[in-house]
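Here are my notes on the model, point by point. Have the coordinates open while you read.

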Amino acid sequence: MNVCSRSIALCAMVALALFQAPALPRQPAGEAASPRAGMPEVELSPSVRRLLDSPALDPAEARLRRIFHGVWRASDLDSPGSVAIAALQRGVFDHPDFDAPDADVLDRADAFCRRGEAEQALTLLDGVPGLRARRIRAEAHFDLGRFAEARAELDAVGAMLAARTEQSASELTEGIRALILRQRMLDPGDAQGRVVSDYNVLASLIARVRDDIDRLHWPVLIVEAELLYDKDNYAQAQEAVIEALRLNPGAARAWALLGEMAVDAFDMDRASAIADRLDMLAESVGGVSIDASLIRARSRLRQGDGQGAEEVLAPMVERAPRHRRLLGMHAAAAAARFDFAGAEDRLADFGRLAGPNPTAHLTVGIALSEARQYAEAAIALGRAAEALPTWARPWIELGLLELQAGNDINAKDALAQAYRLDPFNVRVDNSLRLITELAAYERIESEHFIVRYRPGIDAVLAREMLPVLERIHARVCGDGPGGIRHVPPRKTLIELMPDHHWFSVRITGMPRVHTMAAATGPVIAMETPREGHGHVVGPYDWERVIRHEYAHTVTLSRTLNRIPHWFTEAAAVYVEDAPRAPEWVGLLSEALLSDQLFDLERINIAFVRPRRPSDRTQAYAQGHWMYEFIIENWGAQAPLRLMDRYAAGEREARAFADVLGVTSEEFMSLFSQWAFEQVATWGVHLPEELPELRLLLAEMYAQPDAPPAPTPEIAEEWLTNFPNHPQVLDLAARLAKERAGGRVDETAAAYLERLAVVRPHDPAPRRELVRFYLRSETPQRAVDHLEWLDEREQHTPAFAAELARQYAAIDDWGRAHAKAERATRIAPFDANERETAAAMAIKAERFADARRHIEALIVIEPDRVRHRQRLEALDRLIAGRSSSPDAGAR
């Protein structure tokens with residue numbers, strides 16, 4: 001499975017299951033709602049309702065409270081000042097009432113700053129005292145790239161907080177927001193304070209406001225959520241933001257943060273719904289939502305649709321031409337279209353507006369990292385880090401990018417700096433642990449691969465991998481059917497992770513997670529195929545899995561990492577060279593007949609954000625099916641020509657039109673027609689000329705002397721008329737088994753053999769036949785069915801091991817050896833399979849293989865003396881053969 005550069009933790013929260021981010025101290029939230037999987041439907045807290053309904057409130061206070069909690073009446077907004085408060089809450093920063101002189105100057109300045117008019121905000125606040133004024137001035141200076149001036153304001157806030165013992169909830173919340181901004185500019189070695197102490201102060205202040213001063217003060221919960229989100233503690237961030245929304249369901253900042261989390265999690269349906277909610281909130285005060293546009297644009301960027309992001313952003317950039325995040329996202333949209341010159345022009349324009357403010361370069365760097373444009377992303381993130389070296393975020397993103405790209409030294413340097421600046425970020429902590437772990441690993445190399453593994457038992461597998469990997473390279477990169485005909489410019493690094501724990505840490509922060517292996521481009525991480533504590537997957541056919549993952553590495557390299565997700569998955573499945581999985585056959589035929597095939601847009605989403613449990617599997621199966629269709633109808637060169645178009649930066653629709661000569665809609669129509677022809681040969685659905693079994697049964701029961709149930713004789717009579725009727729053959733086999741006491745006999749076996757022919761993708765009759773034949777006096781009859789099952793098996797060595805025994809029984813040592821090797825490929829740490837493989841190798845006179853398996857046994861079972869004795873005996877055998885007079889002939 002291909003893995004992109006940003007977070008499914010957010011999709012799967014794998015890392016959070018292993019390491020919990022530093023938590024702010026929280027008391028039990030008695031009324032807090034748990035975050036739901038879908039669109040959060042929050043209701044106003046009963047505590048707020050009780051307060052608003054309290055007869056103790058005078059009308060003026062009740063009006064202010066309704067406005068504060070976002071549930072005002074139309075009559076409550078009776079002045080420019082009250083409208084300005086409401087507009088700020090709803091995320092509308094260009095409302096005309098912000099220009100009214102009788103609106104609160106702090107609200108006006110806040111709105112000017114948040115729409116990008118930093119200079120006007122500073123003019124309004126010239127000489128205005130207070131924590132909020134200083135916080136807004138600091139944000140304005142930051143937006144203008146005046147970090148010294150911003151730091152001066154923030155240090156003054158720190159001094160004010162330290163000097164005063166009593167502040168209101170709103171004052172303290174402003175102070176908290178200021179200290180959070182100061183963390184971006186606070187060097188750990190600064191004599192005025194350390195990052196750790198500042199974070200502890202933040203935690204204490206948030207807890208004080210939230211739990212002691214005012215439990216209904218929702219702004220502090222949003223600030224808490226933003227802080228937790230910045231530390232990559234997504235679970236608690238969502239908890240805090242939901243609490244805030246229960247206290248003010250119209251708080252646009254809270255909804256915007258939820259929207260960002262949805263995009264992070266690749267939950268684009270939810271992100272879209274939240275953007276719609278933000279639009280509704282803005283419309284309620286007669287405005288438009290910048291945050292909604294940012295969420296929609298970022299959603300499109302994460303889906304690789306730079307042009308779509310452009311279309312979303314264009315009208316909003318015209319409306320708010322100085323908004324820093326909009327401009328940064330606008331530059332990112334150009335970069336995501338691979339218009340790097342255009343992106344540079346937009347970054348230059350941003351610099352003229354905002355000086356050294358790193359926001360735009362950071363946004364561009366993240367977008368390019370998500371698009372796997374590692375070199376360009378590293379440049380952008382490096383510029384962001386250089387512009388403000390004390391801000392941890394650019395270093396975090398740069399370190400994670402370098403880790404994915406396999407540049408461990410660069411990753412360690414960036415992440416060490418990030419940890420120095422922010423020791424509380426969970427992904428930084430996890431990634432540094434990983435780098436420390438990997439530093440102790442050993443390496444072996446071949447022409448095209450490096451294998452890195454933990455010393456010890458994993459060496460058993462690692463030392464066997466290189467010859468297999470080179471065969472994989474020849475297949476994937478060659479010019480055979482489906483070969484990519486491209487060699488990556490650097491060796492591919494295979495990281496053999498010792499258990500699921502370390503495998504999960506290795507892929508933390510990435511949206512596309514496979515259960516056993518994952519490719520980021522030049523790096524493939526895989527969990528060792530072993531059973532026992534710490535292993536989730538157990539044994540698996542690692543050769544097939546790595547062939548799949550290496551196909552991602554090669555297609556990403558050929559396309560400069562610009563290939564659509566479904567297309568790289570389809571190419572990878574194709575070069576697995578395995579028959580279509582039986583469960584895929586039924587899934588695809590059902591999707592086709594029920595008009596549930598994915599279009600070319602939805603299939604990409606289905607990989608990472610499935611709506612139904614079967615969606616991800618269908619995406620793999622359908623993508624492979626469409627890839628087959630392309631090769632069959634346009635030739636083996638067509639996918640490669642498409643890849644080259646992707647490398648040039650063309651979108652899929654344009655590439656399809658140029659290479660295949662069809663639109664996306666025409667392609668799906670043609671594919672569906674071809675797919676119906678394919679399904680007709682699969683034996684899944686009854687041919688039209690055959691009656692349904694239920695109709696035959698109804699006709700039988702309609703007879704006056706009908707039996708209470710069909711008999712073997714009746715089934716045989718039906719088969720006389722319909723000899724290839726799968727439903728009747730299945731019935732006949734079941735009836736024969738019932739007559740034989742519930743077991744397969746020769747009569748039932750004959751029916752099952754016929755059923756296996758008319759249902760060529762159904763494993764069930766073959767499994768029954770294997771069990772019957774292996775118990776019979778002629779077990780060799782099981783071989784063909786064992787081969788069929790083994791060819792499709794990925795997790796158990798049982799079929800291969802049994803085939804080795806059957807071939808050994810007829811002295812076919814070449815095939816016996818080959819099947820024993822396959823069994824050890826699936827279960828390389830299984831001592832029994834190793835012993836069998838060693839014996840078969842000796843019989844086949846493959847002494848080097850025999851030695852390899854016995855040496856593996858010595859590592860797997862170091863206390864078993866007999867393994868060393870067998871190795872000595874093998875050496876004597878080899879020596880005896882070497883000294884034999886006719887050894888040269890052998």
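**Notes on helix packing, salt bridges and backbone**

1. α21 passes α23 in a left-handed crossing, where left-handed means that the near helix is turned anticlockwise from the far one by less than a right angle, and right-handed is the clockwise case. The contact draws on R393, I396, E397, L400 and L403 of α21 and on R427, V428, S431, L434 and I435 of α23, with contact meaning heavy atoms within 4.5 Å. Sorted by class, the residues where α21 meets α23 are six nonpolar, one polar and three charged. The classes are: Ala, Val, Leu, Ile, Met, Phe, Trp, Tyr, Cys and Pro as nonpolar, Asp, Glu, Lys and Arg as charged, and the others, Gly among them, as polar.

2. Before going further, the ground rules. This is a predicted model, so local features need pLDDT of at least 70 and side-chain atom pairs count only at pLDDT 80 or more, while totals for chains, interfaces and linings use all residues. Residues are numbered from 1 along each chain as its sequence is written, and side-chain values use heavy atoms, with hydrogens and water left out.

3. Back to the geometry of that pair. Helix α21 covers residues 392–404 and helix α23 covers residues 426–439; they pack at about 35 degrees with axes 11 Å apart. Axes here are lines fitted to C-alpha atoms, for helices over the stretch in contact, and angles run from 0 to 180 degrees between N-to-C directions. Helices (H or I, at least four residues) and strands (E, at least two) are DSSP runs, numbered from the N terminus.

4. Does the length of α21 agree or disagree with its residue count? The 13 residues should span 18 Å at 1.5 Å a residue, and the end C-alpha atoms are 19 Å apart, so the two agree; the expected span is 1.5 Å times one less than the number of residues. α21 is mostly covered, with 13 of its 13 residues buried. Buried means under 20% relative accessible area, exposed over 50%, and partly exposed in between (1.4 Å probe, protein chains only). After α21 comes G406, which has a positive phi near 80 degrees.

5. The crossing of α37 and α38 is left-handed. On the α37 side, E746, A749, L752, E753, L755 and A756 take part, and they meet P765, R766, E768, L769, F772 and Y773 of α38. That contact of α37 with α38 has eight nonpolar, no polar and four charged residues.

6. How many salt bridges are there? The count comes to 81, with a salt bridge being a side-chain nitrogen of Lys or Arg within 4 Å of a carboxyl oxygen of Asp or Glu. One of them joins E344 and R383, with the closest N and O atoms 3.0 Å apart. This pair links distant parts of the chain, 39 residues apart: E344 sits in helix α18 (residues 340–354) and R383 in helix α20 (residues 374–387). E344 is partly exposed at 37% relative accessible area, and R383 is partly exposed at 35%.

7. E835 and R866 meet at 2.7 Å, N to O, linking helix α42 (residues 831–843) to helix α44 (residues 865–883) across 31 residues. R866 counts as partly exposed at 33% relative accessibility. E845 pairs with R881, with closest N and O atoms 3.1 Å apart; E845 lies in the loop between α42 and α43 (847–860), and R881 lies in α44, 36 residues apart. Both ends are partly exposed: E845 at 40% and R881 at 29%.

8. Please also check two backbone spots. R485 has a positive phi of about 55 degrees although it is not a glycine, and D595 has one of about 60 degrees, again without being a glycine. Most residues other than glycine have a negative phi. R485 is in the loop between α24 (459–477) and β3 (492–497), and it is partly exposed at 34%. D595 is in the loop between α28 (582–593) and α29 (602–608), and it counts as exposed at 68% relative accessibility.

9. Last, is D615 buried or exposed? D615 counts as buried because its relative accessibility is 2%. This residue belongs to helix α30 (residues 615–634), and D615 touches F598, R602, A606 and P610, leaving out residues up to four places away in sequence.
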